[in-house]
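Look at the sequence and the fold below before reading on. The text then goes through the structure part by part.

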Amino acid sequence: MDKNIPIDQNMIDYIFSHSESLHKVQKKILKFNDNLGKAKRLQISILQANFLQFLIKANKFKSCLEVGTFTGYSSLSMALSLPKNGKVYAIDKDINTNKIALNFFKEAKVNNKIFIETNNGINALKKLTKSKKKFDLILIDADKESYIKYFNYSVQLISKRGIILIDNTLWKGEVLNQNANDKLTLKIKKFNEYIKKKRINKYILPLGDGFTICWK
Ligand SMILES: C[S@@+](CC[C@H](N)C(=O)[O-])C[C@H]1O[C@@H](n2cnc3c(N)ncnc32)[C@H](O)[C@@H]1O
């Protein structure tokens, strides 16, 4: 058996009270998402966002790309960790959540660091690959059906020392369920098998709903 302590809510509260504090607009988005009911679980976890912030700061990254902005928690967290001239390219097909995210970005005064593209993820990534742009960190967190395609575009778009992260790769633990045969669980299982065979460095971290981290 591996040696991991159980992480319950008390432990999470302890971790938060002994870590970097959240920005007031991060707290505001969390509250906003809490009131969305079931849709709240679409947002990455606070620990995952902390981890993204650590990666950006520790590696002095300057550019991030996100597929799946939702109400902006992950993009805002990334923007807050970037230097003044840093940029986040945030893609989401939903014009309504993009508007909500933009208001939060303005409130946190990081709207100049975040470019929001309202578009289908595949179309947006295809366009970016043609432009030969490169990003230091790419977060894949949109429709699970397209994860393999998003990953392949990301491999072309990632900078030499960059990191690709993919959310939901443990899919509420369903990846272990041999009897689960719903479309999304099968897509995640297929994605994990695909990545396993790829010649790229990779770890699956048990953060949030499962966070895969890859680098060349
Ligand atoms: C899981 S949520 C992203 C959560 C966000 N990263 C956060 O932490 O708050 C997924 C988002 O992907 C978007 N999405 C779904 N399918 C998409 C597609 N084909 N192209 C672009 N965005 C898509 C949805 O509109 C939704 O906002």
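This is a predicted model: local features need pLDDT of at least 70, side-chain atom pairs count only at pLDDT 80 or more; totals for chains, interfaces and linings use all residues.

Residues are numbered from 1 along each chain as its sequence is written.

Start with the sheet. Helices (H or I, at least four residues) and strands (E, at least two) are DSSP runs, numbered from the N terminus. Seven strands form an open sheet, in the order β3-β2-β1-β4-β5-β7-β6, with mixed pairing; two strands pair if DSSP finds at least two bridges between them. At the edges are β3 (114–118) and β6 (201–205), each of which pairs on one side only. From one strand to the next, the twist averages 15°.

Some of the pairs can be followed residue by residue. β1 and β2 run parallel and are joined by five bridges; here L65 stands opposite Y89 in β2. β2 and β3 also run parallel, again with five bridges, and D92 has T118 in β3 as its bridge partner. Five of the six residues of β2 are buried, where buried means that 20 or more other C-beta atoms lie within 10 Å of a residue's own, exposed means 12 or fewer, and partly exposed is in between, with C-beta atoms placed from the backbone.

Helices lie across these strands. Helix α5 (residues 95–107) lies across β2 and β3 and runs at about 170° to β3. Helix α7 (residues 147–157) lies across β1 (63–67), β4 (135–140) and β5 (158–167), at about 175° to β4. Axes are lines fitted to C-alpha atoms, for helices over the stretch in contact, and angles run from 0 to 180 degrees between N-to-C directions.

Which residues of α7 and α8 meet? Y147, I148 and F151 in α7 meet K187, F191, Y194 and I195 in α8; contact requires C-beta atoms, placed from the backbone, within 7 Å. By class, this contact has six nonpolar, no polar and one charged residues. Nonpolar means Ala, Val, Leu, Ile, Met, Phe, Trp, Tyr, Cys and Pro, charged means Asp, Glu, Lys and Arg, and the others, Gly among them, count as polar. The axes of α7 and helix α8 (residues 183–197) come within 9 Å and cross at roughly 35°.

Next is the core. A nonpolar core is a set of buried Ala, Val, Leu, Ile, Met, Phe, Trp, Tyr and Cys residues joined through C-beta atoms within 7 Å. The largest one has 53 residues, and C64, L76, I138 and I140 have the most contacts inside it. In α4, nine of the nine residues are buried, L76 among them.

The ligand has 18 residues around it, and G68, F70, S74, G121 and D143 come nearest; a residue is near if its C-beta atom, placed from the backbone, lies within 6 Å. α4 (73–81) and β2 (87–92) are the elements that give two or more residues to this shell. The shell divides into six nonpolar, seven polar and five charged residues.

K109, in the loop between α5 and β3, has a positive phi of about 60° although it is not a glycine. K109 counts as exposed because it has 11 C-beta neighbours inside 10 Å. K172, in the loop between β5 and α8, has a positive phi near 55°. K172 is partly exposed because 13 other C-beta atoms lie within 10 Å.

Terms used: Two residues are in contact if their C-beta atoms, placed from the backbone, lie within 7 Å.
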